[in-house]
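Reader: Could you walk me through this one, piece by piece? I'd like the cut-offs spelled out as we go.

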Amino acid sequence: MATAAITTERENYLNKEYGIRSWLLTTDHKRIALLYLASITFFFFIGGFFALLIRLELLTPAGDLVQADTYNKLFSMHGQVMIFFFLIPSIPAVLGNFLVPLMIGAKDLAFPRINLLSWYLYIIAGTIYLHCIVTGGVDTGWTFYTPFSTAFSNTRVIEAGISIFIAGFSSILTGLNFVVTIHRMRAPGMTWSRLPLFIWAMYATSIIQLLGTPVLAITLLLVVFERAFNLGIFDPTRGGDPLLFQHLFWFYSHPAVYIMILPAMAVESEVVACFTRKRIFGYNFVAMSSIAIAVFGFLVWAHHMFVAGISLYSALVFSILSYLVAVPSAIKVFNWTATMYKGSISFTTPMLYAFGFIGLFTMGGLTGLFLACLGIDVHVHDTYFVIAHFHYIMVGGAVMGYLGGLHFWWPKISGRMYPEAWGRLAALLVFVGFNLTFFPQFILGYMGMPRRYWQYPPEFQVLNVLSTAGSTILAIGYVLPMVYFLWSMRYGKIASDNPWGAAGLEWKTTSPPPTFNFDEEPEVTWEAYNYEQIPAPAEVNVER
Amino acid sequence: MSEHIMSSKFYYTIWIALLCLTVITAAVSFVDLGPLNTVVALVIATIKALLVVLFFMHVKYTSEKLTKIVIVSAIFWLFLLLALSMADYATRLLS
Amino acid sequence: MFDNFPLWPVRASAGAGNIDALYIFLVALSALMCVAIFTMILVFATMYRRRRGVEAEQIEGSSALEITWSIIPLGIFMVIFLWGAVIYFHERTPPQGASEVYVVGKQWMWKLQHEEGAREINELHVPVGRDVKLIMTSQDVIHSFYIPAFRIKQDVLPGRYSTAWFRATRPGVYHLFCSQYCGTMHSGMIGQVVVMEPAQYQAWLSGGGTTGSLAASGESLFQQLGCPTCHRSDTQGRGPILAGIFGKPVQLEDGRTVIADENYIRESILSPSAKIVSGFRPIMPVFQGLLGEEQLNALVAYIKSLSLAPAGAAGKTSLTPAGTSSQNLKE
Amino acid sequence: MLSDSPIAVEQHGPELLHHFVDAEQQRDAASLGMWLFLATEVMFFGGMFCAYLIYRYWYYNEFAAGSRSLDIWLGTINTAVLICSSLTVALGVRAAQMGKRKLLVILLLLTIVFGFAFLGIKGIEWYDKYKEHHIPGNSFNVDDLIKDYPQIHIDPRHEQIYFSLYFAMTGLHALHMIIGVGIFMFLTYYAWKGRYTPKYYTPVEMGGLYWHFVDIVWIYLFPLLYLIDRKPLR
C-alpha cells in the first residue's frame, strides 16, 4: 500500500493516519477504493495466470500440458475470478468509489460503513474462493449450467457458489451506496444536467447491480441447495427444466456485461473530453444512452439460448430486442468520435487507451450483431467466435477503460505522476497483444472450433499459436503498469492538483485530496465540461 | 417520511381489514370458482400487500416521489423476469 | 489454400450457403463501419492534434445528427434481424418426410440410430441429397450437436427431445463436435459425419448386420411391455388408439389441445398423467426409470410409424428419397 | 444478514454523521437506501417466484395435491400472526414518533414474540412434513398423497419439485424472519436505553420497513403455496 510514499506537507487522506488499523477500519471512500485496488489486482493476476495456462495448453492440438479436468478447472476459474472478482468490482469499486463523492462534491458516500462492509464481504468471498482454488477448484465453467453443476460435477461447486453469492452482495451494496449518494449527496448547484457523464454511467451500472444481482444470488443458492440438500428444482430426472437455470442465470449475467462495460464507457467520456478539451458531443444523448443500456440490457438475456431449446417464438422476440440495446451503444461511439472534431487532441497514455477502447469496443459491438442474429448464432454459438466477441468487450473494452482511468486519475489518487513514456509503451503493448490474441479467435470460431476444448483438430493449430503468442505480449503489457505504478508511488514526479487541466470537481481539490475531500464545500455554478474556462496545461502540450 | 402521525385507531382499522381478508381468502379457496380461484387469491393478496405498503409503510403519505419510483421499478423488473421467461414456456408447445 | 491453415469452413449442406451469405454481408458491413469510424478518428487525431495557441471549438451537439445515427443503424439492424430470422425459421422447421436419425448424447459419446435400424457411435453416415432429421436427447447433462460444415447446432437436453435437420450436398468426412461443455472429456466427445453418394450409402447400410428397423424393434418392445392390452386398434381399449395420432392435435382432459409430436409421445410414455387424453382415465403406469433412452426412441419411432401406414405395418423401411414419403404422411 | 446495515450505520452514531449536511439529508438517505434494498429483495424472491410460476403451469396436479397436504389452519393462523406483528411494528413506529419510550419497548417486544410464534408454527409444519417423508431427497415418499387423493393423478417426481419450492421459499422467508427478529432485538435494546426520540427514530422506521416487507412476501406465499386448489374433489 501507499502509506509510506507520500511526502507532501499538506495533510491528505493518505498521510492523515498510518498503520494497518487505519486502513482496515477506515470508512474513507478513497482508502476503501485503494483496498479494492489492491485486492482486485491480486485476483486479476490469478485470473491472468489461469488464462496463460489455458493459452499454453492450446499451443498444440493434443492435450499435453495439463490433464483434461485440470484444463476444465482452469477455464472455469479463469472466468469466475475475472468476472466476479475482477471485472464486476473493477471500475465501480475502485474508480467509482474514489470518484463518485469527489465528482459530485460530497464528503463521502452516503453509507461509509456499508462501503467498508462491502469490501469485507468481497474479501470473505475472495478468501472462500481462494480456498476453493487450492483445495481442488471447480469445473463447471463460469456459467454453472445445470444439471452438470448440480448432479454431475464432483468438484467444489458449493464453495464456489457460496463465494459468488457473497461477492454478489458486496456488489449490491456498492450499487446501493452509489444510487443513494448520487440522489442525496450532490453539492449545491450540482444539478442532474451538470453531472459528469461518469456519474450517469455509474448510476446506470448501479441500477443493474441492484436489480440483477439478487436473481443470480437466488439462482446460485438454489444450485447450492440442490447439491447440499437434494432439492430438485433444476433436476431433469424429476421433471425439472434444464433451461430454467439458464433463464435465471442470464437474467443477471447478460446485464452483468453492462455492469462491466458501462463504467468503462464512463471513463471514456471523461478522458475523451479532457484530452480533446471539449464538452462531450451530445451530452444528453450520451447520458440517456447509459440509462437506456441499463434498462434494455434486461430484455435480451435469452440470446444466449438460441440453440439451447427455447421456443422459436421467444427466440425471435429476444433477437429483435437484442438489436435495441445495440443502438445506445452505437450512439456512444458516434458521440465520442464526433467529440474529437475540432478538438485539441493530445496523445497521453489515458487517451491512447481511449483510442484503443473505441476501436476494440466497436469491433466487439459489431460482432455482437452477428451473435444477436438468429441464423448466424446457430453456427457460431459456443465457438471461439463468442470467446473473441466477449473478450473484445470485456478485455478490449472494460479492461482498457479501467487501465485508462487508472492512468488518468493516478495523479489524484497517489499524488504522483506515472512515467508517461512507459505508460504509452504499455498501452501499445496491450493493444497489439490483445488483437493478436483475440482476432484469430473470430476466424477459429467461424471455422467451428468449439469453446472449452482441451484438445482440438490439428487444422486449427496455426490460429491457436498466433493467439498464444499474442497472450504473452498482452501479459507483459499488463505487468508493466503494475511495476511503474508501484515505482511512481515513491519516485514519481509530484503531481499538481490538476495536471491535465481537466474539468470536474475532483480536480478542484488537492492531489491527493484531504480526508473529507474539499476544504470547503464546493458550490457548482458551471456546466459540466466547461473546458473553454480552463487553461490547457503547458506540460501536456510540449511533451513528446 | 411520515411527518404527520396517524391515530392508533387508524392502524387498528387496517389490521382488522387485513385479518378479514385473510379469513376470506382461506374460505374462498374451498369454493369451486374454476380458474377464478387463483385470480381471487391473487387479487386479495395484492389488496393486502397494498394496505401494508400504503398505510403501514406510510407510502400513501410520503412526499418523496422517489420511494414510489423505486417500488414501481421493482415490480416492473419482477414483471420483466416473469413475463419474458413465460414468453418461452408458453410458446414452446407451438413450435 | 493451406491444408493445415484453412480460413473458411467447408460448405456441405443445403442451408450452409444462406448462412455464409449473411455472414459475408455482416463482415462487409462491419468492415465498412470499422473503416469509417477508424478513419474519422485518425483524421481528427491528426488534423486537430494539440497545437500551441489553437483552442478547441466547443460544440454542443446536434439532435438531428443523433437521431440520424440512431435511426439508420436501427433500420440496418432490422434488416439483419429479418434475414437471420428467416434462416433460423428454416433451420428450426424440418421438412416433411425427412428420414430420421435418433441421437442420444451421453458423457462422452454420441450414440446414433437410423430409422432403418443401423446403429453408430460417434459416426453418422448419410447420403447426399436426403433430408435428415435428428431427434436428439441426452442421458445425463446438456450436450450440443454441432456439425460446422453443415452450419447446424442444437443443444441436446436430458428429459426431452430437441430436433435439427440438414440436407448434405457434398460427399466427404466432416467434424461432429459437442459444443456445450459437458464435463471432463468434453473435447473428446467428437466424431465424424460421413456423407456418401446414395449408392455407396445403400451399400454401407446393407453391409452392417442390423436387426431390422428401429420401428420394428419398437414394436417388439411394445408387445413385450404389454402395451397392446390397453392401446388396442379398436375403440374398446382402455387407452387411446395410437394409429394415426402422430402429428395430429389431441384433445386433453383439461380442455387444452396439444400436437402429438415426439416430445408429447415421450412424455406420455414416461409420465402418462402429465397430459391425459380427453375421455380416458389416468391409469397407465409410469415408465420413467424403466426405459433406457434408446428403448424409448424405438417406441417413439414405432408409434410414429403407425401414422405412416394405417394398417399398422410396423417395420416399414423408408429408403425412399425425400419427397416421396411425405405423401404417406399426409394420409 | 445485510439487511440491518442501513440501521447499523446509525446505531453507532445517533447524532448527525460527519458527511451529511443536516439530519434531513441523513434520514432521506437512509430511507432511500432501505427502499432500494427492499427492491433487491423483491428480485431475490422473484427468482423463486419465476420457478414457481413455470412449474405450477407444468405440474398443476402435483402442486394442487401438495398444497392440499399443507395444514391450512396453521397457515392461516401464521398469516394472522404476521399481520398482528405488522400492526405492532406500525404502532411501534408511531410510539417512537410520539416519544413514548415504554410503549415503544413493549410493542417491539410484542413484535419479537409474534416473530417467534410464527417461526414456531412454521417449525411444527416442517416437522409434520418431515414425519410424512415429504422433504425432498432419498426418503421422499408421497404414497400417502396418492392414496388420499385418488382423484388427482400424482407423479411423485413432480411432487418433489413442489416440495423443493415449498421448502426453498418458506425456508428463505423464515431466514428473513430470523434476521428480522435479530434486528428487533437490537432495536428493543436501544429503545430501552432511550436512544430514539421524536427527532431521531430512523432505525425503528427502517427496521419496520424491513419487517413489513417480510410480511408482504408471506402474504403472497400463503395463497401460492397453501391455497392452490382446495375445492371439493369430484
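Author: Let me start with one bridge in chain C: Val101(C) has His114(C) as its bridge partner in strand 2 of chain C. This is a predicted model, in which local features need pLDDT of at least 70, side-chain atom pairs count only at pLDDT 80 or more, and totals for chains, interfaces and linings use all residues. Residues are numbered from 1 along each chain as its sequence is written, while chains are lettered from A and ligands numbered from 1 in the order in which they are written.

Reader: How many bridges pair strand 1 of chain C with strand 2 of chain C, and in which sense?

Author: The two pair in the antiparallel sense over 6 bridges, where pairing requires that DSSP finds at least two bridges between the strands. Strands here are DSSP runs of E with at least two residues, helices are runs of H or I with at least four residues, and both are numbered from the N terminus. Strand 1 and strand 2 of chain C also form a hairpin, with 2 residues between them.

Reader: And what joins strand 2 of chain C to strand 3 of chain C?

Author: There are 3 bridges between strand 2 and strand 3 (residues 119-121) of chain C, which run antiparallel, and Gln113(C) stands opposite Arg119(C) there. These two strands form a hairpin with 4 residues between them, and Gly117(C) in the turn has a positive phi of about 115°.

Reader: Switching to strand 6 of chain C: why is it described as largely enclosed?

Author: Strand 6 (residues 143-147) of chain C has 5 of its 5 residues buried, so it is largely enclosed by the rest of the structure. Buried means that 20 or more other C-beta atoms lie within 10 Å of the residue's own, exposed means 12 or fewer, and partly exposed is in between, with C-beta atoms placed from the backbone. His143(C), Phe145(C) and Ile147(C) point one way from the strand, and Ser144(C) and Tyr146(C) the other way.

Reader: Which strands does strand 6 of chain C pair with?

Author: Strand 6 of chain C pairs in the antiparallel sense with strand 7 (residues 152-156) of chain C over 5 bridges, and likewise with strand 9 (residues 172-178) of chain C over 2 bridges. His143(C) has Val156(C) as its partner in strand 7, whereas Phe145(C) has Cys178(C) in strand 9. Strands 6 and 7 of chain C form a hairpin with 4 residues between them, and Arg151(C) in the turn has a positive phi of about 60°.

Reader: New topic: what does the domain assignment of chain C give?

Author: It gives domain 1 (10-43 + 64-210) and domain 2 (214-317) of chain C, with bounds that come from an automatic or database domain assignment. The contact takes 12 residues from domain 1 and 11 residues from domain 2 of chain C, two residues being in contact if their C-beta atoms, placed from the backbone, lie within 7 Å.

Reader: What about chain B, is it compact or spread out?

Author: Chain B comes to 3 helices and 0 strands. Its radius of gyration is 18 Å, well over the 12 Å that the globule rule gives for 95 residues, so chain B is more spread out than a compact globule. The radius is taken over C-alpha atoms, and the rule is 2.2 Å times the number of residues to the power 0.38. Of the 95 residues of chain B, 32% count as buried.
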